[in-house]
Amino acid sequence: MEYPFWYVPGIGSPMLIPMVALPHVLVSHFAVGGGILLWLGIRKAYRENDPDFLAYLRRLTRFFVLLTVVFGAITGVGIWWTIALSSPQTTSSLIHAFVFGWATEWVTFVLELVSAFGLYYLWDRLNPKAHQAVALVYALSAWISLVLITGITAFMASSGKWPQTHLFWDGFLNPTFLPSVVTRTGGALALTGLYLYMHISLIKIAPEVKEKVARWASRWAVIGVGLIVLGGLWWYNAVPGYIHDKIAERPTVVTLAIVAVLATLVATFFLAFWGKKEWLVAPLTVLLFLVGSAGFVAGEFIRESFRKPYTIEGYLFSNNVYTTQVDAVRARGFLNTAKWPKAYLQARYPQLFTIEGVLDTTQLPSLTPQQRADIGRAIFEYHCGVCHTLSGYNAIFDQIRGSDPDLIQAIVEDLEDHPAMPPFVGQSWENQLLVEYLFQAMKGGVQ
Amino acid sequence: MTPIPAFDPLGLPAPIWFLLALKVFGFWVHLIFMGLWFAGFVVGLLLLPSNGSLRLAGQRLLKRIPVIIAFGVNAGIVPLLFLQVLYPQFFYTSTVLQAWYWFSVIVLIIFAYYGTYYYVHNAEREERKRVATLIGWLSALIFLFLGIVFASEMQLMVTPDRWSDFFRHTIGGAVLGNRLAFDGIDLQRYVMVFGLSLSTVAAFFVFDRHLLNGSSEVQPEELRTLVLGLTFLGLVIFGAGAVPYLRHLQPYLKGIGLWKFLAGVGPFLALLGGVLYAIQPATSTAWLLVIFQALSLLFNAITRQIVQVRELAQHVDLSSLPLHIQLSPILLFLITFVVGVIVTLWLLRMYRTAST
């Protein structure tokens, strides 16, 4: 209601978020899982006095550092960049609620960098004790970073008591915080384990090292998948009821996530206890890695999309209307409240506005169909554009095709009856202009 | 007249002075690192065709650029974080109005960052030298371009009266975000930062040679001309931006003569450090240059903050905003920060032992 909306043709600006966020989430979980496994691996290598295993871990470190310090770090900032561009109001709420959570996470990220570069540049020069200490700092700081960010991301889908209290800890320690930490920690271990399978199947490596890495990685991958299952069930019990309804409505993606997790579990379990190194061939390990990643992406999709109609549960709807604001906006009308579409119309159709700057509906009949469509488009972009495009991603045309305009208008009137939709906060004439525009646009009548 | 969004209903989570202090601190640290890739990358590449100490000094800087970028980007998070707390209504709006350029920052940084790694790892391999140099230059140019985007954003943010120009380019009132706000004033800001960065590069060279146990093959006698030249050029370029920019800022500078003076004197201090080092290239004069440059950047960071608050004061009175202090999260942050500093120092000590 307060900010301008960025129009991105075909996909809508919010779809840029997953484009940045999904690679980041995968990479950042690598950072956490890789951090933990590197520390455990370095300890094991020194304990068993195994220089070959240590040399393997060094190769791994170069990859983790290059991937996490560069790609992970920049895409991490990139998520923030992108959500602020596509949903500034939500970003502002998150920043004002959790800025010191983020600031704390920043400190852990500095530690992650300092320790990662230590491992990268001084691997050969650190004595065993120092080497393990640096690896421990890397693992701990990466994991604490995960914990802190999870508090904020879990909050968006299950805000707990926060909408009433607005207290930091009520939001941070929300109902799905701990289950999400368990799931994500498991995901980090499992993904890294799967990556290790793939890595040792693709590079030239001594058979005994391959065997050792495979068995070692398998155990941690099994523990990781176990944590995902445990955390996932816990999460399901902790999420608010509105998410249960949506899971029941869209079983495909949930099934995909469950199948991916189970397939990974079975495969890793099998490889951990009965597997032979000869089985770790590239096609199988790449497939396993892809299945695991698909499960991960599906999990993220569940978390993100099932949050609708909210961007922050119980506080802010996806159309940037605060839950407490709905009645007031309806009373004044959407275009009289949303600042930027109103400014747009005031500049183009000053005759529609009174001296006090209120949109005078009695002037509407004087408008041409093209002008009415223009107003309808403004309502569409600002009220619906956060999730829908006309004919691209999540196309509105697909929703209304074959329907009667009056029926669509009736559906829009009671939009909140649909579990994923926020309430329509416009007045009936705004609803009418919106629907008129959509049907005209679908027929190709307006640009 | 385009509208200015209302401030976030959640209010400020900490006293204004505390948020501003953290913002300035973060920006200062960011300025130190940022100068080294912003101007330093180009300087380092330009030094490569030279011989002896200058080439070596340039190579040593270039080798460190990936680490410098990592910490500089990280430090840049702090001022942006607190900027969003203090001025979300201005910051978010101006980024959306030039959205594609702002979004491109992320994509371009990734390319430039990996380009930097590629350069560092391949510049000395005979068979990849030419490609590496090309990629190195591309990365350096991308960083120079990113400075333009940042200068545009920071200036557009504090001038809401310009927003309407951008809001003309819409579809149904939704912003296309395909225009960049870069104009004369942005150029002045950009040039000032570039000038400051050149002095930072000079300070890095002496820091690396004298204080970081740099290569003894870098001869201070050869370095001093470079250091003097960079601090002098830094001052000239800073002045070329600052003089016209000050004219524009005149209404906001009343009553802050001291800070205006300190910000202006900063590059002169750096030049003084450069002159002293040129006269006697030694550890003591190296320290002086490093301290002078750090102070110069600090004065500029503080003055810029004061000016930003004043520019936006005509649109928002920070002291009138609701304040809901988040005491325990602030304590959590401060404790973590102290622990983080201690652990970092402990790690650096281990690294020093390992290096020697």
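## Confidence of the prediction

Chain B of this predicted model has an average pLDDT of 93, and 99% of its residues score at least 70. For the complex, the predictor reports an ipTM of 0.92 together with a pTM of 0.93.

## The build of chain A

What secondary structure does chain A have? You will find 18 helices and two strands in chain A.

Chain A has 447 residues, and 54% of them are buried. Its contacts can also be sorted by sequence separation: taking those between residues at least 6 apart in sequence, 78% link residues at least 24 apart.

## Where chain A meets chain B

Now for the interface: 63 residues of chain A are in contact with 59 residues of chain B. Which elements of chain A give two or more residues to the side that touches chain B? They are α1 (16-47), α2 (51-86), α3 (88-122), α4 (128-157), α6 (168-172), α14 (339-348) and α15 (369-384) of chain A. Of these, α3(A) supplies the largest share, with 23 residues.

## What that side is made of

And how do the residues on the side of chain A that touches chain B divide by class? Here 46 are nonpolar, 11 are polar and six are charged. To explore this side on screen, α3(A) is a handy place to look, as the source of its largest share of residues.

Note on methods:
Residues numbered from 1 in each chain as written. Chains lettered and ligands numbered in written order. Predicted model: local features only at pLDDT ≥ 70, side-chain atom pairs only at ≥ 80, totals over all residues. pLDDT = per-residue confidence, 0-100. Helix = DSSP H or I, 4+ residues; strand = E, 2+ residues; numbered from the N terminus. Buried ≥ 20, exposed ≤ 12 C-beta atoms within 10 Å, placed from the backbone. Contact = placed C-beta atoms within 7 Å. Nonpolar A, V, L, I, M, F, W, Y, C, P; charged D, E, K, R; others polar.
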